[in-house]
Structures are given as C-alpha cells and as structure tokens.
Amino acid sequence: MEYTTENLEKAVTLFYRSEAGQQAEAHQWLTEAQNSTQAWSFVWELLSLHRNAEVQFFAATTLHTKLMKHWNEVPEDHYEPLKKHILDAIINYAMGPKIVLNRLCITLSAYIIHTVPSYWPNAFEELVASFQPHHLPNVEPERVIWILLEILTVIPEEFQSTLLAVSQRLKVRTVLLNVSKDILKVVEMCLMPIPSNGNKLDQEGMSSEEMELTEVTVEALTAIIQHPHTNRYKNHVMKCSADMLYKFEKILENERNSLESNKDIVANLYGLLVTIADVHSKIFISNLKSENPEEQRITFDFFNSILKCTNLPGLYPVDESSSTLTFGFWYTLQDDILSLETAECAQLLLMIKPYYRDLVCIMLRKSMYPLHEDGDWSLDDKEVFRCYRQDIADTFIYCYNVLNLEMLDILNSKLAEALHKNNTTGVPPTIQWNEVETCLHAFGAIAESIELENLYLPKLMMTIKEIPFRDLHKRVMASALETVGSYSDWITEHPEMLENVLPLVISALDKPEVATSATMALKDLTHSCQKYLLPYADHILIAAQSALQGGALKLAECSRLMFSIGKVLSILPVPRIMEYLNIILAPSFKEMQELLNVEPSPAVKTSLITRLKVLSSLFNSLCVKKSQTQIMEQPTVLVMQNTMPLYKVIGEKYGRSSDVMEELSILFKYVVTTLLEDCTPLINDILQLVVAVYRECPQSNILMVAKTVVIMFGNEEEFRPITHQLLHEIVSTTLQMCAQLNSTNQLSEKTDVLEGFFAMMAQLFKKIPQVVFASGIDTAALFQCAVLCLSLPEAQTLKLCTSFLVSFISQSRDTAQASVVQSYGESLVLRILINLGSTAPRSSVDIFSDLLLALNKKYCDNLSRWLNTLLAQEDFPSPRINTHQKEHFIRSVLR
C-alpha cells in the first residue's frame, strides 16, 4: 500500500480505533512508513491544521523519529528549509493541541543537537531572541515563554538519547557547557513574573498558562542544578541558590499561611529548593565551617526553609503534598557529615543537631493518624499515608544517627507527656491515642540502630506494660506489639524484660484486629529469646493453640504462629513435645485426609495449600538439641514418618499442580535443612516421591528438594544408590522433554523447568561432580541440550545454561569428560556466534563471555580452530561484520 496521506490517515485511525489484531498490523505499517524516505514529504501534509489531532501527533512523532534515526538522509542544503518548516510548525501549533506542540519542541531540540556545532553555532542565541513575546504578537506571552523553556529543557535529554559519532558528541557537549550559564539566566528571568501583588499567588487568579510556565521553569532549573558540572562553580551556585531561596520564601510564606494554598506552587518551589540542597549538600556543609557569616546565614536559612517544608500544616496527603520531598535531603546531610573525619564530624554534628531535634518533633506530629478516623480518606490516601509513615520511619533512623541518646530522651519525654498530661481541673485528662501511637512508632523505627542502651529502653518496656490499651484505639496496641518485636534482639540481652512484654503479646493473639502485629512480635521474640522462654512455654503454647482453633486468624498469621510454636516446643523435653504436637496437629492432618478423599477441585487445592504452608512453618523451626535426641528421634521425624503416606497421595493426585507441589517441596526442604543429619530416616521416602512426581510432570519446584538432598547426602555411602537413581531419572526425563519440544517456541513454555534443572546441575557440578558422573547420565546429550537451550530468548535461562556449561567445561578434564567438549564444543561456539551476531538480545550479550573464557582456559587450541573455521564463512554471523572485525574479535577472545 502506498504511503499517501489518505492511506496514512486511515492507518492512524485504524490504530487508535480498532481491535488488537488490526491495531498490530496498522502499527507495523505505520512504523515502516516512518522509516521510509517518503516520510520527509508526507509529514508536512499530515501536519496540516485541518487534520485531526491523532494524525497531527503521528506526523510530529514521525518527524522526530526521522531526525533521531535518519539524519544522514538530509542533505546539507536542506538544513535551512527543514529548520524553517519546524519553526513554522511550532508557531502554527503554539496554542495546541499541546501533545503535538510538545513533540514539535522535542523535534526542534533534536535538530539543534545535529546542527549546533557547525551549521547553526549560534542556535541558542537565535532561539532565545526569536521566542520573545513581542516577536510573536498573535501568541499569548506565557505560551511563548513556555515553548522556549520546553525546547531548552528537552535539549539535554535529546543529547543523551541521540546517536552521534564520538567526535560530534564531544563538540555538542562543549557547546552545551558553554551556553549553560546563559540558559540559567534565561530561566531566572522567566521566574520574575511569578509573584503578583504582594508576592501572593492566587490559585484562582493564575491562568493555566501561568501554571504551566511555572512548572516548566522549575523543571528547567532543576535539570540545570542537577548537572554534575555545577559543583565546579560554588560561588555561582550559592548566588543563584540564595536568589531563588529569598524570592521563593516570600511566596511560600504566604502559601503556608493561606487557608487555601496552591499545592502545585508549593510543591514546585519546595521541590527545587530541596533539590538544590540535596545535590549540593557538600557545598552547604563546607559553608557551615566558613568564616564568612553570609555563607553560614544562607546555609542556615536553607535548612530552616526545608524544615518548614517538612512542617507544613495539615495531614499528608490530604492537606499537603510536599513534606515528603524533604526526607532525602535529611538523609544526605547526615550521611555526608558522618563520612568525614572524627573531629570535623563532631564539630558539624553539634551545628546540625538543633535541626534534627526539631525534625524529630515535627515528624512525630506528621506521622500521627487522624484522631477521629472516618470515611473522608479514600483507600488510595490511606495507602499513600502508610508509605509516608514508612518514609518517616526511615528518617527517624537518620535523626538517631545524629542525636543518639538525645533522640531517646525526646521520645521518652513525648510518650510520658502523652500518657500523663498535666491538668489542673482535677478530672483525669483524656489520653490522645494518636500521640501515644506516634511515639511508639518512632521507637520501633530506630530499634535496629540501637545497640547497647540501659537507661531509656527499660523505661520504654515498663511504660508499654502500663499503657491502658483497653481505653485506646487498636492502633496503639498494634504499634506497641510491633515495637516489642523490633526490640527482640535487645531483649535477648535483657531477658528480665520478657515479663513486661510477653503478657501483652500472648493476650493479643486472640484479637483479630491486632493478630498480625501480635504474631509478628511473638515470632521475633521466640526466634531471638528462645533460650529464656521455658518459664513461659506453657502459656505461649496454650494461647497459640487457642488462637489457631478459634479460626479467626489469616493464613500468614497462622504460619507465623506455627513457627513460634516450633521454636517454643524445641526447648521442651521430647515426650512433652509429642503431647503438644498430637493436640495441635491432629486437626490439620484429619482435615488433610478428608480433603484427599474427595475429588480435586480449586477449593480443595486451596485448602490443601493452606495446611501445607502452616506445617512448613512448624517444620522450619522445630528442632530439638542433640543432647535430647541421642536416644529418641527428632519429633519432626516421627511426625513425618507417620504422615508420609499423606504426602505420597498428594504427589499422586496433585503432581501436575505446580502450586501444591511448590508447597510440598518447601515443606520437604524445611525438614531437611532444619534437621540436617537427623533427617536421614526420611531421605529414601522423600527422594522416591521426588522421582515419581518429576517423572510424571517435570517442574522446577521439586528440583529444589532434589538439589538440597543430593548436595547434603550425595557423598554418603548409604544414599548413593537412591541418589544415582534420582539424578539419572531427572536428567533422562528432562532430556526426553526437550526432545519432544524440539522448537524454540515450545521450549520457551518450559523455561521455568529448564532454569531449575540447569541451576541444580550447575551447583552439583561445582560441589560434587564425582557423584553426578557416577550416576550414569548421558553427559553428551546433557551438553547438547544445554547448547540447544542457548537459543532461547529468556535472559535468566541463558544465564543458568551458561553457568552449567561453564561448570561442565571447567570440570571436564578432571572427570573424563574432555571428549564431550571436544566433540560438541564447535556446536557450542557456533551457537554463541549466532547469538552474538543476530539472535540474542543486546542485554544478554555479556552472558556469553564466561563461556568463551572457560573454553579459552581449558580448550584454547580447539577454541582457536573453531573460531577461525566458523568466522571464515562469508556474511557469518552477520553481513555487517567485515573480515578485519572478525580477526580483531578472535584476537581479543584468545589473548
């Protein structure tokens, strides 16, 4: 079909208003049209103002694409007419549609990148002179300036994305650097009209053009200030930063005091100020030590301004949207100072501590939940606020890095103040629950940063014990539980604190509204403080059993609770463990048996997965110390031996369900890795089940178990027969699967299996190669299969196949497998060259370097011969590669 304007309009319409199939065909044809030389002609017809916006946008995009990718098609004598056409088009579309105007501005930027060093050396001067309101009287002044700034803003982006010769790129970079100061002045001039009477920006009084102008100006300034070379011009940066700070501060002060502030203006201006301080933090830090009082004043004013931004009135994100911009700066400031020499660091920390003390108090307020939670907040607002609190939690850590014990003193005082407010009326004051909760949240945030502390944290634990949770919002108890869990490592060093916090944790297990926090806290405590829990074991186990039987817990909560049960049981005598296990597990196994007696269905499968997950958590933590098991078996072994028939039935009925097999595999893996050598009575049964499932339906989940068991027990005489059988069956089944799926597309459907298989084989070759080769597997077929899989497009599959082949080649001479590499190495090199020359994604090219390195190290002569033979073919692996480049490649590989 010819590239006429009518056909192109129809194709664009089809692309935007048709089904997926027709859309794909239209896209392919339009892409071919864009790449054709005819595009230079039809693009101007499609940019006619009477066309619809979709066609106009396609035309503008096509013009940009041509300039980006096909600049070589433009003769030099056409440069001037092309420039005139682009400028005329921008003026024609000055008032919109904006999407077309934006693309044309980007197009002019691309034109400038190609012509600025030689053909149009004074491009920037002419550009600034041309786009002045008095030169374009028919266009609104704000729109003229917006266009100018839009063009200037995207020039650096176009420079980064445009393909240029190295010499040309250097010339363009030099020009851009030379004009950067002048551009900055232009942008500053554009900011001048922002304040109106009284430096107050009235949102209703600002036109959309003024808002757009403000945004694009700030965007341009931000791009300039972030340029790495600006660090070379400290004085200029400080002068411009001070000018912007004092100009903006008047506007921002009015906005902060306004009942209906302009959030966009506040976000834009504060965003720029924070960016300046963040990017040039080292300059501001050096100013703190300066003998020049003016430099110190500017720095302190900047810190105060950013602190005001953090302290914007109202709740985020409902009342304000800018305080979150500052968190990165508070991290950068303390990080840069803490990286300095000790004496210098100490001096600077004293200077910034007042700001971080204020910051702690501000963030305690900003992280408070609304006192009366109602329906005013949408689900999106609640999720944004949750993320905001997490950002605040991270920032509390930075504050602790600066303040240390001072911060604990602040938090302790604020918590005591919230719980015991002064009052002169004689009536007990009402506790504001959100004030208590925010202090607990802050304490929990810094837990990992605190190492040795014996003053404030004991007070915290005593205070938590005394909080009247029944009279307060559920969030207070949830935060208290999370805080207790956060300090589980500290409690290990202070086990006497368990009596203060464990009753709270245990009592909360049967409260669904805080069960998540309670089970997390109990998991942390049982993991860190296990050896101190014997006096509390019966209380924990009875409460946990009651919570499980209550049926109100979610799956994740049940799993965490079962992990805690395993940790507590592990410190009891084996007979008592078995008593508890019989009570706790009997209902689960009875339900599993009932589920296996009915026909498989999605509901049955989900129930089965739930119970397997819960059991896995128990087996992940239940392990009795050796001294108790010298005569008796591990409790987990006894349970597994009694329930192994259940797992075999699961393998038979659900062997093709990857979800069920994943959970069963995790259960087996936890049993093996938790018990280690104590699990030997179970190995034969587990491996037999693995072989049966994999033979029926190859899947990666079950290979995880096979790899773990073979690595742990493959060298032991007792398990060699079953290990050899396992490896032989897995390799044979995988090779048979690959032989049946002989095309690349079919193999791609099984990449998860192939990835799991080659990951396992690579590990086995590295750790126990003698066991692998003694299993009687067909190593030649295995090598060929790996070479075949190198044709797959998936990067992860390529990495794992390469890892296996590298291990195979590296071990081959020591394991009598050199003949395999010598017989099939040429096909491997052929595959590598094809991938490098054409088929492999560019992002995957580096993957093959390890293969070439391994071949060069172990089979240098063979590799040299194979490379010279294969690359001697004309137009191989690509017609774009000449003989000289091939010779250079061979030398580079073989050196």
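I began with D243 and K239, whose side chains meet in a salt bridge at 3.5 Å, N to O. The model I am reading is predicted. Both residues sit in helix α11 (residues 234-257), and because they are 4 residues apart, about one helical turn separates them. D243 has a relative accessible area of 31%, so I noted D243 as partly exposed. K239 comes out at 52% relative accessibility and is therefore exposed, since exposed means over 50%.

I then searched the whole structure for salt bridges and found 23. One of the pairs I checked is R17 with E54, at 3.3 Å, N to O. This pair links distant parts of the chain, 37 residues apart: R17 lies in the loop between α1 (5-16) and α2 (20-35), and E54 in helix α4 (residues 53-69). R17 is exposed at 58% relative accessibility, while E54 is partly exposed at 23%.

Another entry is R720 with E717, a salt bridge of 3.4 Å, N to O. I also noted a network in which E294, R297 and D301 are joined by salt bridges that share partners. For R720 I wrote down partly exposed, with a relative accessible area of 33%. For E717 I wrote down exposed, at 60%.

Last, I looked for charge on the surface. E157, E215, E219 and D264 gather there in a patch of negative charge. I followed up E219, which is placed in helix α10 (residues 208-225). Its relative accessibility is 43%, so E219 counts as partly exposed.

Note on methods
Residues numbered from 1 in each chain as written. Predicted model: local features only at pLDDT ≥ 70, side-chain atom pairs only at ≥ 80, totals over all residues. Heavy atoms only, no water. Patch = residues over 30% accessible without salt bridge, like charges linked within 9 Å, V, L, I, M, F, W, Y side chains within 5 Å. Areas by Shrake-Rupley, 256 points an atom, 1.4 Å probe, with all protein chains shown as cover. Salt bridge = Lys/Arg side-chain N within 4 Å of Asp/Glu carboxyl O. Lys, Arg positive; Asp, Glu negative; His and termini not counted. Charge placed at Lys NZ, Arg CZ, Asp CG, Glu CD. Helix = DSSP H or I, 4+ residues; strand = E, 2+ residues; numbered from the N terminus. Buried < 20%, exposed > 50% of the residue type's maximum accessible area, 1.4 Å probe, protein only.
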